[in-house]
Amino acid sequence: MSASVSQANLLPTGAEFQKGLARRNFRGSVWGRFYSLSLLVAILALIALVLNIVNSAFGYAITAYEVEPTALVAGGDVGGLDAEQLVVILQDYQERRLPVYIRDNLSVVDPSIFTQVPLSESLAGRTFPAELAAMTVTELTRDQQAAVLAASLSVDTLRSLVEVEVIGEQVIHPYALSESLFERSRIDAELLEALEDEPNARLEFRSWLNFEFLTAAGSSDPAAAGVRTALLGTLWVIFITVLFAFPVGVGAAIYLEEYAVPNRLNKLIETNIRNLAGVPSIIYGLLGLAVLVRSLEFITQGRTILSAGLTLGLLILPVIIINSQEAIRAVPSSIREASFGVGATKWQTIWNQVLPAAMPGILTGTILAMSRAVGETAPLIVIGASTFIVTDPTSPFAKFTALPIQIYQWTARPQSEFRAIAAAAIIVLLVLLLLFNATAIILRQRYRKSLQG
Amino acid sequence: MTQNGAYAIQLKNVDVFYGPKLAVSDVSLNIQTRRITAFIGPSGCGKSTVLRSINRMNDLIPGARVQGDVTFQGQNLYAPEVDPVEVRRRIGMVFQKPNPFPKSIYDNVAYGPRLLGVRSKAVLDEIVEKSLKGAYLWDEVRSDLKKSGLALSGGQQQRLCIARTIAVEPEVILMDEPCSALDPIATQAVEDLMKILVKQYTIVIVTHNMQQAQRVSDFTAFFSIRKQEETPGKENRWGVLGEFAETTELFSSPNSEETERYIRGEFG
Ligand SMILES: Nc1ncnc2c1ncn2[C@@H]1O[C@H](COP(=O)(O)OP(=O)(O)OP(=O)(O)O)[C@@H](O)[C@H]1O
Ligand SMILES: [Mg+2]
């Protein structure tokens, strides 16, 4: 009894308590408002980013064709034509360039001797009418050249030849989405102006991000350029990155958490791994250039996907190690004790209990690190990713380009069409990142569920 | 094979240190085969520490060190040629908080045998059934062995942990407050189980519950705390074995006043 009386004197009661409570609640609500404001700023920034990209990627464009598609085929859709018909069009409009198409698409010999050697040599391994084998390309008639093209090229290739070489769509002026929506009258005026120089000019609404953009290779012509090469390059590089960084990173984390005795050397190593995670990515680029591209050229063969993948792997290695360490540390010690308690060895405990329990955290960390690597530009520029390349990478030793490089290069160009396709490529990159993150979430849920049964 | 009534485990002048700190000092006691021995005493007196030194669980704590002899069937457990993995297989452990693996009931019980290299499905099935029956859990879970061990009630989880322990056929089972996280009914089930298990196994149990010690154990070891002022304001505390006797004897006529006050519930 006496204890509670003396406490009543020490602690505020009645009106004093109410006043104190009001003050405490006020303080809470101020902080609450401040935090919701921070969230609002973040969301606005995100919306601004998305709008900015979408704004450039869609909108009207004044375009002109060299030859109206309707002049080639009724309805103007060349997609329905077969190889014969496409070759006839090429022959009609670009007769003199037929040998060039043969050289660019079919020749297996050096361009300098292409016109001097017989077809049997210059087109060795290709299908073409056998009776032409002994002749050089310049000895062929136009019809025979057309026959060679028709025999060897796929419909897709022929169609894109017709689109680029005959129809030759030109973008005279692209407009942003905002301009398209709100400044229609100005655009119409500019169209009239354009019609004076280019009687074929027309206005069309264009999504720069479309299926062709995804599947077309890089090109110096913005209307025909696509991201396929860059996208494949990015996927290849990331594949190598993860293949290298995941096992090494998780292994290092296991060592540091489970085996390393906490002595001075190991503490120093841990601290430095943490520091490495903060090193600017360009430094990793310089490291990759010096070690992977130059010193280890006999393995990596220079500026290849392998060099880039390993460089990015080194870049995200510390992040993976740190995240995996956290995940391993978070595994409750009761699980380890239970495992040791029934006579498991250390490795059995790690393999059967610790790693599965830590895996959701490890995977999340790895995929987030991967997302970071996908967007990295600086190290790739330093180790010398190709800025212009049109052949798809097919092995780790291929030269390559990557999405961020492609975007960087397109935005650096003066013509505004390139800015539009850069925006489209940014959308592709963002979607790729979203896919990665979604995978991370799904994997984590799946694992968590399998752990909880 | 030692005879019923012989000593399974002998501790002689055992000191345990955590780093430089002495945790328990000079513990000597003999644990009889196929009997239940209870460790009681106030919190922090080193019951868990002594228990964990018996199956070398303390090896897992960095800096923990055991001095003196812990002998199991005549073999010093801390001799250099002894592998702690084998010790823990033969001296199993059940923990205070039920800690099933985040796996199915079946996989929980089959875990130990699988570690030993048992792969045959038929053999594993048999071991799982036998162990779950041994832990008196079989009838409750037989229809749903695929269910996660974590989906069981606390008492069932603790019996699952016991099944997991007996699946590797240990000779001794150490239990560190196995009922402290359980309700009275689940506690009853585990106590009943201990009384059955003791026909086959040597059991050592740490408990804070005087009634439990009296209900289940044959022998009781009472640990107490010694204090020494090293410098003013800084006190050293370590645990010692206060009294060790048959349970009925210790509870009816304790040797020391300290024991008596503790079992009457005056401190702890
Ligand atoms: N991992 C550890 N590291 C350092 N000191 C420890 C560790 N575990 C226990 N100790 C110390 O050893 C002493 C004995 O602890 P122990 O856990 O054995 O006591 P206990 O009798 O089991 O207590 P309780 O009844 O509360 O479980 C305590 O002073 C404790 O602080
Ligand atoms: Mg304890």
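In this predicted model, chain A and chain B touch through 19 residues of chain A and 21 residues of chain B.

How big is that contact in terms of area? The size of an interface is often given as the accessible area lost when the parts come together. Here, about 1700 Å² is buried between chain A and chain B, and carbon and sulfur atoms give 61% of that. On the chain A side, the residues that lose the most area to chain B are E337(A), F340(A) and V342(A), together 32% of what that side buries.

| Link between chain A and chain B | Count found |
|---|---|
| Salt bridge | one |
| Residue pairs in polar contact (both at pLDDT 80 or more) | four |

As for partners, E337(A) forms a salt bridge with R52(B), with the closest N and O atoms 3.0 Å apart. Which elements of chain A give two or more residues to the side that touches chain B? They are α17 (333-341), α18 (346-375) and α21 (416-452). The largest share comes from α17(A), which puts in seven residues.

Chain A also has a nonpolar patch on the surface. It's made of L37(A), L39(A), L40(A), I43(A), L44(A), I47(A) and L51(A), and together they have about 690 Å² of accessible area. One of these, I47(A), sits in helix α2 (residues 14-57) of chain A. Is I47(A) buried, partly exposed or exposed? I47(A) counts as partly exposed because its relative accessibility is 44%, between the 20% and 50% cut-offs.

How values were computed: Residues numbered from 1 in each chain as written. Chains lettered and ligands numbered in written order. Predicted model: local features only at pLDDT ≥ 70, side-chain atom pairs only at ≥ 80, totals over all residues. Heavy atoms only, no water. Patch = residues over 30% accessible without salt bridge, like charges linked within 9 Å, V, L, I, M, F, W, Y side chains within 5 Å. Areas by Shrake-Rupley, 256 points an atom, 1.4 Å probe, with all protein chains shown as cover. Salt bridge = Lys/Arg side-chain N within 4 Å of Asp/Glu carboxyl O. Helix = DSSP H or I, 4+ residues; strand = E, 2+ residues; numbered from the N terminus. Buried < 20%, exposed > 50% of the residue type's maximum accessible area, 1.4 Å probe, protein only. Contact = heavy atoms within 4.5 Å. Buried area = accessible area lost by both parts, 1.4 Å probe. Polar contact = N/O pair within 3.5 Å; in protein donor to acceptor, adjacent residues only side chain to side chain.
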